[in-house]
Amino acid sequence: MGRAEIKLFQRDAESVAEFLRPRLTGDKKVKIITHTDADGISAAAIIARCLYFYDVPFNVHFSRPKKTEEIAKLAEEDYDLFIFLDQGSGQVEAIHKFILAKNKDVVIIDHHPGNLPKHPNLVYLNPHTCGLNGAKDVSASGGAYLVAERLDLRFRHLVGLALIGAIGDRQEFFSGFTEVNDLIAKRAIDLEIVRQGEGLRLIGRSMTPVFESLHKSTRPFIVGISRDPSACRILLKELGISQTITISEFHPEDEKNLADAIFSRVGSIAEREEFRHALWGTVYTNTSDQIIGPRDLREYATILDACANFKKADVALAMATGDETFVKEAMELLNLRQDEMIKSVGWLVKRLDLLKDAGNFRYIYCGDEIDPSLIGESISLLIESGTVEMDKPLLGLVDTPTEEVKISGRGTPRLAMEGVDIGGGLNAASAEVGGFGGGHDVAAAARIPADKMNEFLNKLNEFFARKKDGL
Ligand code: C5P
């Protein structure tokens, strides 16, 4: 991978911009269909801001990837142009059959794999068709940003949103961004729209008193400090740091001292790179006043996800499109989300006695202790707490109200590089027991009938064993 693939992706972004340009005259009605997460919201905010600028009437709809019958219904709606963001690649067959067949126009900006047959009324931007990896090299918001930039350089102040989406999709790694994301980040820094620094990566660093940042910290969950107000107070007092200032107001020395004190307090956890990276590392700060809300890009991504989680993606979109009246509500939703997450991760960290080693992966079955909608993120946060060794994938399993078990699987970039494909594994093993699943090599999910859990775990173990043997 390298320059040629990035060039190809940029050329495809140019093709999407060329396709859009004559359709942005205001006489075509646009429907944006996007994913309900930080990446989908960021991508929608970028495209929505372009459409506002050109005075194009549009509607934004948030959803999971649409099923065939939902796309058939969508095609009935009175729109001329359908823009699918962070989805669409897996639904191309239905899009052809129902939307393109009606002579309507379609744009797909996505980073999920899919088979993308050509059509004169369709353009798409997808890293997989350019030899790039959609799980790490660029997200939907990065694609949307490159299209916007090609439409007009005045949209460059939106570059922070491209990185917010990438960060939300966990495309920022120990060594930074890769490929297209790296290009976008470098450009944002060169243009001084985003500032890159080093520091504590705790949520709230730009908006919340440090006491709250520590007390509610789930990324990472700091054993012995998170959820323990008196431990937080003692720690700050010992270091002579005021509880009420934000981390971004710290003297740089205090920030380093606080990190060192945390590392020494958590003992051997400090040696786990997932924990180290979650606590301390690169910090990206938005400097453009065109993007309102928190300055810290990680915090921004977490807020968008929090809103999405409470089915308030519209609040997040309003903030990301520049409406200041929604910042307070978005922050409140972040608070609620943190309360939920700290409960779930706190439970997992406390119940590590339930963690089992299946041979080729580890898993923890949580019964109904964790909500199915929270298990994926909770497992990601458990990994970042540094309490689980990550030399093999980690799965969280929970019961659902529909007599199913939801499984969320997470790996690491290193495991993915070694060829561990969790999405492939969950897809194959769930299908074998009458379930359904899929996703990326590092993060995936599945649902299976509740009585098939053990069979599923065995099938998955066999899948990983076969892959290890190169079969
Ligand atoms: O639900 P969870 O956060 O664990 O999902 C992990 C990833 O797997 C998400 O990116 C989701 O979009 C993807 N996924 C998928 N197909 C499924 C289930 C999940 O692509 N059937």
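Strands (E, at least two residues) and helices (H or I, at least four) are DSSP runs numbered from the N terminus. The structure is a predicted model, in which local features need pLDDT of at least 70 and side-chain atom pairs count only at pLDDT 80 or more, whereas totals for chains, interfaces and linings use all residues. Residues are numbered from 1 along each chain as its sequence is written, and side-chain values use heavy atoms, with hydrogens and water left out.

Three residues separate E12 from E13 in a hairpin. Within this pairing, glycine 437 stands opposite alanine 446 of E13, and glycine 438 has alanine 445 of E13 as its bridge partner. Both strands belong to an open sheet of six strands with mixed pairing, in the order E8-E9-E10-E11-E13-E12. Strand E8 (356-357) and E12 stand at the edges with a single partner strand each, so one side of each has no neighbour in the sheet.

The protein is divided into domain 1 (3-193), domain 2 (197-286 + 292-342) and domain 3 (351-468), with bounds from an automatic or database domain assignment. The C-alpha centres of domain 1 and domain 3 are 29 Å apart. Five residues of domain 1 are in contact with seven residues of domain 3, contact being defined as heavy atoms within 4.5 Å. The two domains bury about 530 Å² between them, 51% of it on carbon and sulfur atoms; buried area is the accessible area (1.4 Å probe) that two parts lose on being put together, summed over both. In domain 1, Ala135, Arg170 and Phe173 lose the most area to domain 3, together accounting for 68% of what that side buries.

Two salt bridges are found across the interface of domain 1 and domain 3, a salt bridge being a side-chain nitrogen of Lys or Arg within 4 Å of a carboxyl oxygen of Asp or Glu. Glutamate 377 forms a salt bridge with arginine 170, with the closest N and O atoms 3.1 Å apart.

By this rule the count comes to 30 salt bridges. Among them, glutamate 77 and lysine 31 meet through their side chains at 2.9 Å, N to O. This pair links distant parts of the chain, 46 residues apart: glutamate 77 lies in the loop between helix H3 (68-74) and strand E3 (81-85), and lysine 31 in strand E1 (residues 30-34).

Technical notes:
Two strands pair if DSSP finds at least two bridges between them.
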